[in-house]
Each structure stands twice: as C-alpha cells, then as structure tokens.
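Colleague: Could you take me through this model and tell me what stands behind each label you use?
Modeller: Gladly, let me bring it up.

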Amino acid sequence: MSIFDRAKNKAEELLGRAEELYGESHGDAAATVAGEAHVQKAEAEEELERGQHRPDDEGTAAAR
C-alpha cells in the first residue's frame with residue numbers, strides 16, 4: 001500500500017469520526033451510523049494491509 005493509500009485511509013477514518021461525533025451531538029442517528037461505517041471501513045483496510053505484509057507469515061508455519 002502506498003503512502004497515498006495510507007493517507008486516504010486515515011482521511012476516511014477522520015471523516016468518519018467527525019461524522020459520528022456530529023451525529024451524536026445533534027441526535028442524527030443516520031450520521032452516527034454512516035460515521036461508524038467510514039471508521040470501520042478504514043480500519044478494515046488498514047488491518048488488511050498489515051496482514052498482507054507481515055514478514056513472519058510467509059505460509060511456512062505448517063512446514064516447521
């Protein structure tokens with residue numbers, strides 16, 4: 001994942017947190033849920049990225 005993809009994920013996460021906060025403070029359930037969805041998507045993409053580039057997990061654990 002490039003630096004631009006990481007920046008995009010972080011921006012989406014921050015946008016989601018802001019939208020979630022707005023929804024909570026104004027009693028807007030739709031904005032709260034949409035914000036949570038943005039945060040979860042960004043976190044999932046970040047987790048997927050970390051899982052793809054783990055140097056200790058090359059599929060050789062079963063061969064030991």
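Predicted model: local features only at pLDDT ≥ 70, side-chain atom pairs only at ≥ 80, totals over all residues.

Colleague: How many helices and strands does the protein have?
Modeller: There are two helices and zero strands. Helices are DSSP runs of H or I with at least four residues, strands are runs of E with at least two, and both are numbered from the N terminus. Helix 1 covers residues 3-26, and helix 2 covers residues 29-52.

Colleague: What span is expected for helix 1, and what does it reach?
Modeller: The expected span is 1.5 Å times one less than the number of residues. Helix 1 has 24 residues, and its reach of 34 Å from first C-alpha to last is close to the expected 34 Å. Just after this helix, Gly-27 takes a positive phi of about 70 degrees.

Colleague: Why is Thr-32 called buried?
Modeller: Buried means under 20% relative accessible area, exposed means over 50%, and partly exposed is in between, with a 1.4 Å probe and protein chains only. Thr-32 has a relative accessible area of 13%, so it is buried. Across the 64 residues of the protein, 19% count as buried. In helix 1, the buried residues are Asn-9, Glu-12, Glu-13, Gly-16, Glu-20 and Gly-23.

Colleague: What does Thr-32 touch, not counting residues up to four places away in sequence?
Modeller: Contact means heavy atoms within 4.5 Å. With those sequence neighbours set aside, Thr-32 touches Glu-19, Glu-20, Gly-23 and Glu-24. A polar atom of the Thr-32 side chain also lies 3.0 Å from the backbone oxygen of Asp-28.

Colleague: Why does Ala-18 count as partly exposed?
Modeller: Its relative accessible area is 43%, so Ala-18 is partly exposed. Ala-18 and Val-39 are 21 residues apart in sequence, with their C-alpha atoms 9.8 Å apart in space. Ala-44 in helix 2 is partly exposed because its relative accessible area is 46%. Ala-44 and Asn-9 are 35 residues apart in sequence and 9.6 Å apart in space, C-alpha to C-alpha.

Colleague: What makes the pair Lys-10 and Glu-13 a salt bridge?
Modeller: A salt bridge is a side-chain nitrogen of Lys or Arg within 4 Å of a carboxyl oxygen of Asp or Glu. The closest N and O atoms of Lys-10 and Glu-13 are 3.3 Å apart, and the pair forms a salt bridge. These two residues are three apart in helix 1, so about one helical turn separates them. Lys-10 counts as partly exposed because its relative accessibility is 42%, whereas Glu-13 counts as buried because its value is 8%. Lys-10, Glu-13, Arg-17 and Glu-43 are linked in a network of salt bridges.

Colleague: How many salt bridges does a search of the whole structure find?
Modeller: It finds seven. Among them, the side chains of Glu-47 and Arg-50 meet at 2.9 Å, N to O. Both residues lie in helix 2, three residues apart, about one turn of the helix. Glu-47 has a relative accessible area of 47%, so it is partly exposed, and Arg-50 counts as partly exposed at 46%.

Colleague: What is the N to O distance between Lys-41 and Glu-45?
Modeller: It is 4.0 Å, and these side chains meet in a salt bridge. Being four residues apart in helix 2, Lys-41 and Glu-45 are separated by about one helical turn. Lys-41 is partly exposed at 43%, and Glu-45 is partly exposed at 30%.

Conventions: Residues numbered from 1 in each chain as written. Heavy atoms only, no water. Polar contact = N/O pair within 3.5 Å; in protein donor to acceptor, adjacent residues only side chain to side chain.
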